[in-house]
Amino acid sequence: MVRKIEIVPYDPDWLKIFEIEAKNIREVLGFHLVAIHHIGSTAIFSMLAKPTIDMLLVVMSLAKLDGLNNRMQELGYEPKGENGIPGRRYYRKLEGEIHRFHLHAFEVGHPEIKRHLNFRDFLREHADEARAYQELKLRLSAEFPFDSKKYTSGKTAFIRMIDQRAGNWRLDSDKDMENYE
């Protein structure tokens, strides 16, 4: 069955849902998990989003994480391997056809960690860019309601532009913090 792309109003419960699920994941991964972050549009206050909680897992070893796939499956997660991004492990948790959680796991030091966090933090701090991203997602979901590939590819140029701006912003922010150390 083809799933419809639906963008819904921000739900303040998304943070609570993230925290509960993060606790469950921590219990399974134990000391293999270095950090877990709420990312994606559901992590940006007041942004309309698909109601899927995206999580970024920072782990010591992907091989050790792979060894815990049975435990992740017990939590309801389907391991999908790299799923198109080298150095990543991707998991999804469904309720029927509804995607509830997407996990993106990387080993400590992988550049995608910083990219995801910079993107999230930049949009949290820059309301105009967050609104522009939201409008783009609304337009694409109306144009391609049942074509996730076109929906996703339609966001690529915007995401790359924000990634560049977010990286520069983070560098400037880090320089500003040096003055207070």
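We go through pockets, then a helix, then aromatic pairs.

Reply: This is a predicted model: local features need pLDDT of at least 70, side-chain atom pairs count only at pLDDT 80 or more, and totals for chains, interfaces and linings use all residues. Residues are numbered from 1 along each chain as its sequence is written, and side-chain values use heavy atoms, without hydrogens and water.

Me: How much space lies in the largest pocket?
Reply: Rolling a probe the size of a water molecule over the atoms shows where empty space is left. A pocket is an open set of points on a 1 Å grid where a 1.4 Å probe fits, with protein on both sides within 12 Å along at least five of seven lines. Its volume is the space filled by probe spheres set on the points. Here the largest pocket holds about 1200 Å³. It has 33 lining residues (an atom within 4 Å of a point); closest to its centre are Asp 54, Arg 88, His 104, Thr 152 and Lys 155.

Me: Which element gives the most to that lining?
Reply: Helices (H or I, at least four residues) and strands (E, at least two) are DSSP runs, numbered from the N terminus. α6 gives the most, with nine residues.

Me: How do I read helix α1?
Reply: Start with length. The expected span is 1.5 Å times one less than the number of residues. For the 17 residues of α1 (residues 13-29), that should be 24 Å, and the end C-alpha atoms are 24 Å apart, which agrees.

Me: Which residues of α1 are buried?
Reply: Buried means under 20% relative accessible area, exposed over 50%, partly exposed in between (1.4 Å probe, protein chains only). In α1, Trp 14, Phe 18, Glu 21, Ala 22, Ile 25, Val 28 and Leu 29 are buried. Seen down the axis, they fall within an arc of 115°, so they line one face of the helix. The arc uses directions from the helix axis to the C-beta atoms. On the other side, Ile 20 and Glu 27 are exposed.

Me: How many aromatic pairs are there?
Reply: Rings of Phe, Tyr and Trp (its six-membered ring) pair if their centres lie within 6.5 Å; planes under 30 degrees apart count as stacked, over 60 as edge-to-face and the rest as tilted. The count is six. Among them, Tyr 77 and Phe 101 are tilted: 6.4 Å centre to centre, 55° between the planes. This pair links strand β3 to strand β5, 24 residues apart.
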